[in-house]
Amino acid sequence: MAIVERPSDVLALPPGGLVTHSPLGVFARPRAKTGWRAWVSTVDHKRIGIMYGVSALFFLVIGGVEALLIRAQLAAPDQKLLSADLYNQVFTMHGITMIFLVVMPMGAAFMNYMIPLQIGARDVAFPRLNALSFWTFLVGGIFLNSSWFLGGGADGGWFAYAPQTGVIFSPSHGMDFYAIGLQITGIASLVGGVNLVVTVLNLRAPGMTLMRMPVFTWMSLVTQVLLVFAMPVISVALFLLTFDRLFDANFFNVAQGADPLLWEHLFWIFGHPEVYILILPAFGIVSEIIPVFSRKPIFGYPFMVFSGIAIGFMGWGVWAHHMFASGLGPISVAAFSVSTMFIAVPTGVKILNWMATLWGGKITFSTPLLFSVGLVAMFTIGGLSGVTHAVAPADTQQTDTYYIVAHFHYVIFGGALFGFLGGFYFWWPKVFGYVLNDKLGKVHFWLTLVGFNLTFGPMHILGLQGMSRRIPTYRDGYGFNLWNAVATVGAFVIALSVLVFFVNIVRSKRQAPSLPPPGPDPWDARSLEWSIPSPTPDHNFDDDPVVTQLDDFWHRKYGEDEQGRMVPIATAEEIAMPGDPSRSHLPAPSYWPIVLSLAFPLIGYGLIFNLAIAAVGGAVLLGGMVGWALEPPDDEDLPPHGHDDHDDDGTAAAEPEAVATQEEVTAGD
Amino acid sequence: MAGRTYRRWRLAPLAPLVLALAACADKAPLDTLEPQGPEAQTIDKLVDPVFAIAGVVFVLVQLGVLAVAWKYRKRKDDDDSLPPQIHGSIKLELGWTILPALLLAGVGGASVLTILDLDDRPAGAQEVTVIGQQWWWEYRYDVDGDGEDDIVTANDLVIPAGEPITLSITSRDVIHSFWIPALNGKRDAVPGREHPLLIQADEPGVYRGQCTEFCGLSHGFMGMRVVALAPADYDEWEANQQEGAAVPDDELAAAGMEQFRTTCSQCHLVQGEGGNEDLFEGAALVSGAAPNLTHFASRGVFAGAIFDLWVDQDGNGEVDLAERGEQLNVSALEAWLRNPPAEKPMYPQGSRGMPNLNLTDEQIDALVAYLETLE
Amino acid sequence: MTDTAAHAPAATADHGHATATGISNTKLAMWVYLGSDCLLFGSLISTYLLLRHRSTLGPGPKDVFDIPFTSVSSFVLLMSSLTMALAVASITRGDLQRNRAWLATTAMLGGVFIGGQVYEFTTFYREGLGYTTNIFGSAFYTLTGFHGIHVSVGIVMLMSLLVMSIRGSLGPERAEAVEIVGLYWHFVDIVWIIIFTVVYLIP
């Protein structure tokens, strides 16, 4: 076996054949292939995906610390670790961080990295816009958290009901950071949504019809469509709040005739599709993992697809179930109660299809599989408590209590996060070229499962016993003491599990040189990303894969014998592409996405503190857009409109610089 | 009690942890599963079978997952052949789409009926206006139906036991939520809107509540109680509340009254004593109102129902009906008057909540003596 | 197998051929973006409809609206959609000069519309309807302001096309760029039809 090079940066991809050329005046495209400059100017969906993942894990730690502060404060009655004011900031920022800065970007990490690979594409439809999405998200997250140092974090709850969040009742700048910060991250989501919808619809490999796409890509498509339609609604709500707070508008001024329910409606019309945005990618991941480790196809592929689409559609018709106690009137309450109940049907279909996939299989309990089965079990609990909320009269007892806190942590943590953790273990070898240690992975899983249930299981009881949400402390003698103490212990177990995960990453990376490389297909999997080398070559596929059926890669490894049984007909190594970049032309890197993204926080700080800063931000915005538009295209040999990258005889016009890549070296094995 | 045990058994399938409920506190004043009035009872009757169904599904799925994972685990001696590559079954898909849909339709139908049932308020029921503001609850009674409120009180919502009361809930500032779990679900108090809610307490007693919509600094310190009195006691209460306060005989209390006039009457009203007659537009607060104190000493709690006004002599954690008027909780009242923002997080610099008035000990003593006379 | 015709997919997809849907990436992106814009304007219009008669003081719609004036400026915007369509048609058949004329006309008509809005708003302001005067003012100016920003961005795009055309880099092979700007422009016009109907005409 040939000696393989290992990347020296901790998480860097090996140097690849990126196109570079001589500068054209001041708008030269960047040339760096390694080091921080390469990452800052990258438009490669894979590097962008990795950056999303790293950022999400960073914010997970911040949100987790906020959670631990909450749990420390609530461990016993009548505590004063956190003042009421600080507590309000901590729980608000915990919610905002976990939803917008952890779960959404973690989904984005997987979707960005895997969608082009699963559909056999070179990159996404608009690589620079993709980079813009990432940097905008990151600066938005930093902007939001800078509030801690600039007058206090947002303190009105993540749901920010008016008029509580107006200037009279929330006088600090915290809610301004909230409103503007979420606008910034919203731009990232919207741009990313347009990008990925076009990518999935347009860039599929020859033969990959929609019904031959992996379930993960399908769920991601539904997610991106939801994003495209849901983000504008919260954007409007945030504009109204910002105009009220900064410019004295009257949208939520009750004395001037406002109805505070307007905020609630706008927020939840966004907010409910948002929770499906949070969960669908994880559903997709689990739909990839379970078949692989059961060694059977997903049960009911069309139903998995259609149930995802159904959830996407029906998710628009249930928003007011967050408002059952808000005084809507019995007709509205009844209608939303019924519609909410029916959305459990497609979700239940998924749970049963996953179980039916496991049924009759040959299950290997790898770490990805454990987390996936964990999702099935934990999400079911969250889904069932959700059905009890759908019963509107019951919800008038449950809403705003810890019973709801239990519900959404079971579906978001037990659902989305479990799915993502499984996804990390599953796709790690493809992304980084080594496997995460499975033994330590199992420790991670069990610690997570135990800690998670210890924390949130008792909250069902606390809620039914009447413990309100968003209270900084509780009195003795209300029956809340025991289960709060248990929940606090559980929270620290979760913290330990996160530590174990990070330790696993570091240790696995260190041990990797002494272990055999995983190769293109370590799990004997089904979809296209496993038909190329690990770690993924910069150019993804040597040639367009030609797809003839669902799970095409699998069916090239396994065929029917004379008796009709499925038997191996080729190994992954035999049919995987060797990693030859010579026929590929990659989009060139660019600094304009990060430059442009910096305009947004400048405008934000300017609106809050000093309009001069906003003016600078505006200039950066305009200058950035001009630079972006005028930037030379990929290759200086190209005609002015910059799209032809081949001559009439079909050969590539510009040879990418030949660099000995890891893939080429291993291709000879 | 047999009823309590029965209810808790039905919770058992919902979560294994719930089984441990029997071992935990037996005092839970905000318990949602112990209805003490017909509305809460209606909800409970709907909720119990729903929890039971959810519990059964929970057990089936969890056991199913475990059973499938165990039965189909890859054995050590496995020959690495592929298991049967089943792609799906239309029958199963239709089955497990239609059956749950039917089940949920049933639950939905029952829910709709209950929603309409709960919305059905008897026409002649007594009405009380409930107004939330940062961070306490006010109650207003138009006893003679002439459009003017005859009784204005706070913290303790006094009602006759055994009778339906229609609450009309609103707010003077931000969104709050009125919730007495033993009597009914919650209803948000939204400024600019009025939301009806029917409550009825089966028996005389004290029923705890908690604001349940985040409303700022003292959201967690904005409680309330429903105090249900036997009909005769209620009539007596109602009559008493409509009388003004008398000038106290006691010297200290009279000094306290003067102190009240100087300091407190800018926000608080004591009727019958020449204070501001039009209170609610007068209080220099964002909400425009502070609790009416005319019959302060007839209540069991104060400061948003988080402090006991009378000593809880039997130690059950609540100022019961009989304990009101017995032994004044002087230390709590003094601490409050000495420095309200230290006792309860508020924002007096923004005119929300009671400020520190820098009272001397003598002034506080006098005020306490006066307040105790306001029965 | 290396088929010389099998290029990396995204490179050719940018041209509008070999995309799985047959629509170019940029055009599809514009459609998706316009879909999201429907929700943006839907939320703003719903907000306006909910709030417009809830003012507790200050002028209301009936007090300030000048329907005849706004009808004229609406007509101007409508005509700009016609000239936009003509711009697309002319570049498609290779008539670059006409294309420039129609692009310029469309931008000019858009400018007239914006000018009309500015005049209208300053008149309202003088009549006592400011942004912060009452809830009707806040809602009205926000809705029409967002629309005006969209029109202005459209004018910038038209001017960019015009500049490109004058420099000789907007030939018939790039007709799609004009078409895509046309999609955006028609959308903005349709939104205005809805706003005009719902805000001005229907009380």
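This is a predicted model: local features need pLDDT of at least 70, side-chain atom pairs count only at pLDDT 80 or more; totals for chains, interfaces and linings use all residues.
Is A:Asp543 buried or exposed? Side-chain values use heavy atoms, with hydrogens and water left out, residues are numbered from 1 along each chain as its sequence is written, and chains are lettered from A and ligands numbered from 1 in the order in which they are written.

To answer the opening question, A:Asp543 is buried, because its relative accessible area is 10%, and buried here means under 20% relative accessible area, while exposed means over 50% and partly exposed lies in between, with a 1.4 Å probe and protein chains only. The side chain of A:Asp543 meets that of A:Arg583 in a salt bridge, at 2.6 Å from N to O, where a salt bridge is a side-chain nitrogen of Lys or Arg within 4 Å of a carboxyl oxygen of Asp or Glu. This pair links distant parts of the chain, 40 residues apart, with A:Asp543 in the loop between α15 and α16 of chain A and A:Arg583 in the loop between α17 (572–575) and α18 (592–608) of chain A.

A:Arg583 counts as partly exposed, because its relative accessibility is 26%. The side chain of A:Arg583 also forms a salt bridge with that of A:Asp580, at 3.0 Å from N to O, and A:Asp580 is partly exposed, with a relative accessible area of 26%. Elsewhere, A:Arg295, A:Asp521, A:Asp524 and A:Lys557 are joined into one network by salt bridges that share partners.

Within that group, the side chains of A:Lys557 and A:Asp524 meet at 2.7 Å, N to O, in a salt bridge. Here too the pair links distant parts of the chain, since A:Lys557 sits in helix α16 (residues 552–557) of chain A and A:Asp524 in the loop between α15 (481–511) and α16, 33 residues apart. Both A:Lys557 and A:Asp524 are buried. Over all chains, the count by this rule comes to 28 salt bridges.

Let me turn to the nonpolar cores, each a set of buried Ala, Val, Leu, Ile, Met, Phe, Trp, Tyr and Cys residues joined through side-chain atoms within 4.5 Å. The largest has 256 residues, of which A:Tyr178, A:Trp263, A:Trp354 and C:Phe140 touch the most other members. Helix α3 (residues 84–118) of chain A gives the largest share of this core, 21 residues. Not counting residues up to four places away in sequence, the contacts of A:Trp263, meaning heavy atoms within 4.5 Å, include A:Phe159, A:Tyr178, A:Leu241 and A:Phe252. Another core lies apart from this one, with 66 residues, among them B:Val227 and B:Tyr370.

An open sheet of 5 strands runs in the order β3-β2-β1-β5-β8, with mixed pairing, and its edge strands, β3 (151–154) and β8 (195–199), each pair on one side only. β1(B) and β2(B) run antiparallel, joined by 5 bridges, and they form a hairpin with 2 residues between them. In this pair B:Gln133 stands opposite B:Trp136 in β2(B). β1(B) also pairs with strand β5 (residues 165–171) of chain B in the parallel sense, over 7 bridges.

Which strands stand at the edges of the other sheet? That open sheet has 3 strands in the order β4-β10-β9 of chain B, again with mixed pairing. The edges are held by β4 (156–160) and β9 (205–210) of chain B, each with a single partner strand, so one side of each is left without a neighbour in the sheet. β4(B) and strand β10 (residues 223–229) of chain B run parallel, joined by 5 bridges, and B:Val158 stands opposite B:Val227 in β10(B).

I finish with the domains of chain A, whose bounds come from an automatic or database domain assignment: domain 1 (42–522), domain 2 (528–575) and domain 3 (590–669). The C-alpha centres of domain 1 and domain 2 of chain A lie 33 Å apart, and 34 residues of domain 1 are in contact with 25 residues of domain 2.

Methods
Helices (H or I, at least four residues) and strands (E, at least two) are DSSP runs, numbered from the N terminus. Two strands pair if DSSP finds at least two bridges between them.
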